Each structure stands twice: as structure tokens, then as C-alpha cells.
Amino acid sequence: MYDSKESILSEQLEEMQFLPPQNGSPEDTELGKLEISLGYQENTGLIITIHQVYDLPMKNYGGSTDPFVKFTLQKISGNLPSFSFQTTIKHRTLQPVFEESFDASIHPMEIQLYRLKCYVCEHDKFTKPTVVGEIELNLEEIDFTASYRNILQLKPSVKSYFGEMCISLCYLVTSNRLIVGILRATNLQPLSTLQCGMYMFINISYGMTVSMGN
């Protein structure tokens with residue numbers, strides 16, 4: 001049961017796209033701030049409240065954005081379930097106020113085994129949500145005997161960004177053929193310091209697997 005939840009969580013994170021890395025150090029990048037509070041109650045478990053996001057960066061076009069917050073509780077160790085939550089979408093604002101609370105049924109002795117990751121995202125009805133920035137909290141560092149409420153600086157989510165690929169698909173009904181076109185790749189991130197050539201490997205699966213190299 002836990003493995004299936006972990007698989008669903010991974011698929012949800014893959015549905016978000018990440019901003020390309022910006023020039024300069026991460027400390028110089030102003031992405032906004034997230035106000036969050038944590039608490040624990042015996043009848044409900046861990047309670048996470050998303051209060052507000054401050055000073056989101058303006059879009060290159062239109063100015064405002066449609067933000068929401070997606071956050072996950074990921075197990076650090078042990079055979080424990082993972083949790084995923086999402087706030088409502090706030091439209092046309094750079095200072096969204098949420099005031100939304102979520103609870104996760106976690107035993108008090110197991111809270112320290114979890115890590116909280118919050119992604120502030122920009123909704124787009126035509127493409128995948130874009131992650132503007134993120135925060136991460138190890139719950140073992142939180143004192144739940146007192147109320148925890150803090151405003152945290154968002155950090156760039158660059159480690160999950162590898163670049164962008166533009167492709168085209170065309171199906172020819174008359175010849176029963178699928179044509180896959182590789183157009184261009186942009187903002188590719190090096191995986192090592194060595195210079196090397198690049199190629200594309202495509203895997204199409206439906207009943208049988210067809211592999212193509214380029």
C-alpha cells in the first residue's frame with residue numbers, strides 16, 4: 001500500500017515543470033516568501049497551515065500570476081506512508097492569501113521521520129504548473145510542544161531541471177505510421193564537467209516496446 005502511494009506521489013511531482021536556473025547565486029534570486037505553521041493534535045495528527053505567499057516575482061508578460069502551493073510529507077526512513085496536498089489556486093495576484101489547513105494522520109513518535117517540502121507553483125491552463133520556488137523542513141528540528149509559525153524564503157528548484165525538449169508528433173492514417181520529430185533542445189544542464197556529445201533516445205510503449213535512437 002505504501003509503495004503505491006509513493007508511486008502516485010512521484011507521478012504528481014513529475015507533472016510539474018521547474019524554472020531554468022537563473023544567473024547569479026541562489027541567494028541573489030528573489031522568489032518570494034512562504035508563511036507556514038505546524039501543529040499537532042491527538043485526534044487529527046499533524047496539522048499544516050499555509051497562510052500566505054509574499055512578493056512573488058512578476059511574470060515576463062501580464063505581470064500577475066495564478067499561484068498555488070503543493071506540498072509533500074516524505075519519509076526520511078522507515079516503512080511509512082507519504083502524503084501530498086495542494087491549496088486552491090489564487091488568480092492574478094503576487095501576494096496570495098490561502099489560510100488553508102491540512103492534516104496528516106501520523107503518530108507523534110514518527111513525526112521526526114518526515115521531511116516537509118513545499119512548492120509554490122504557477123498555474124497555467126495550457127501547460128504543466130511551473131514551480132517558482134520551494135522550501136524544505138526536517139520535522140525532527142521542529143519543537144511541537146510550542147506553536148511553530150514562520151515566514152521562509154523560497155529557494156530555486158533547479159536540481160530537478162535538466163532542460164527543455166521540443167518534439168512533434170504526426171500520425172499518418174493512410175500508412176498507419178507515427179512520425180516523431182526531434183526539433184530542438186534548449187537550456188540543457190551538464191551532468192558532469194566533461195565535454196561530450198548528445199543524442200536522443202526514444203522509447204514508445206503500447207503492448208510492445210519500440211526503441212529508437214537519434
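Tutor: E134 is buried, with a relative accessible area of 10%. Buried means under 20% relative accessible area, exposed means over 50%, and partly exposed lies in between (1.4 Å probe, protein chains only). The model is predicted: local features need pLDDT of at least 70, side-chain atom pairs count only at pLDDT 80 or more, and totals for chains, interfaces and linings use all residues. Residues are numbered from 1 along each chain as its sequence is written, and side-chain values use heavy atoms, with hydrogens and water left out.

Now the partner of E134. The side chain of E134 meets that of K117 in a salt bridge, at 3.4 Å from N to O. A salt bridge is a side-chain nitrogen of Lys or Arg within 4 Å of a carboxyl oxygen of Asp or Glu. K117 lies in strand 7 and E134 in strand 8, so the pair ties together parts 17 residues apart in sequence. Strands (E, at least two residues) are DSSP runs, numbered from the N terminus. K117 counts as buried too, at 7% relative accessibility.

K117 also forms a salt bridge with E136, where the closest N and O atoms are 3.7 Å apart. E136 is partly exposed, at 39% relative accessibility.

E136 meets R115 in a salt bridge as well, 3.0 Å from N to O. R115 is in strand 7 (residues 114-122) and E136 in strand 8 (residues 130-138), 21 residues apart. R115 is partly exposed, at 23%.

Put together, R115, K117, E134 and E136 are linked in a network of salt bridges. The structure holds 4 salt bridges.

Conventions
Helix = DSSP H or I, 4+ residues; strand = E, 2+ residues; numbered from the N terminus.
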